[in-house]
Amino acid sequence: MKKLLAVLLTAAPLVLAGCNGALWGQLVVLMITVGIFLGTLSLGRVSEAARSRADGASSTAGRS
């Protein structure tokens with residue numbers, strides 16, 4: 001909810017200024033680009049819970 005509010009507060013001056021569609025299109029492309037960038041940063045990351053399960057499974061299998 002805080003992100004939505006931040007986006008609305010950021011976009012409010014642009015709406016009040018009467019910006020044309022070209023600016024909105026560029027902002028959308030910028031947001032998509034940032035989303036793709038952040039998505040690529042998260043590739044290959046494993047959560048702590050999954051990592052501890054994987055460590056536990058490998059450590060018990062090696063003890064036999």
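Predicted model: local features only at pLDDT ≥ 70, side-chain atom pairs only at ≥ 80, totals over all residues.
Local features need pLDDT of at least 70 and side-chain atom pairs count only at pLDDT 80 or more, while totals for chains, interfaces and linings use all residues. Residues are numbered from 1 along each chain as its sequence is written, and side-chain values use heavy atoms, with hydrogens and water left out.

The protein chain has three helices and zero strands. Its pattern along the sequence is α-α-α. Helices (H or I, at least four residues) and strands (E, at least two) are DSSP runs, numbered from the N terminus. Of the 64 residues, 2% count as buried (under 20% relative accessible area; exposed is over 50%, partly exposed in between; 1.4 Å probe, protein chains only). The accessible surface comes to about 5600 Å² (Shrake-Rupley method, 1.4 Å probe; for residues, only the protein chains shown count as cover). Carbon and sulfur atoms hold 71% of that surface.

Helix α1 covers residues 2-17. One of its 16 residues is buried, so α1 lies largely in the open. Gly18 comes after α1, and its phi is positive, near 75°.

Val34 lies in helix α2 (residues 21-41). Val34 is partly exposed, with a relative accessible area of 41%.

How values were computed. Expected span 1.5 Å × (residues − 1).
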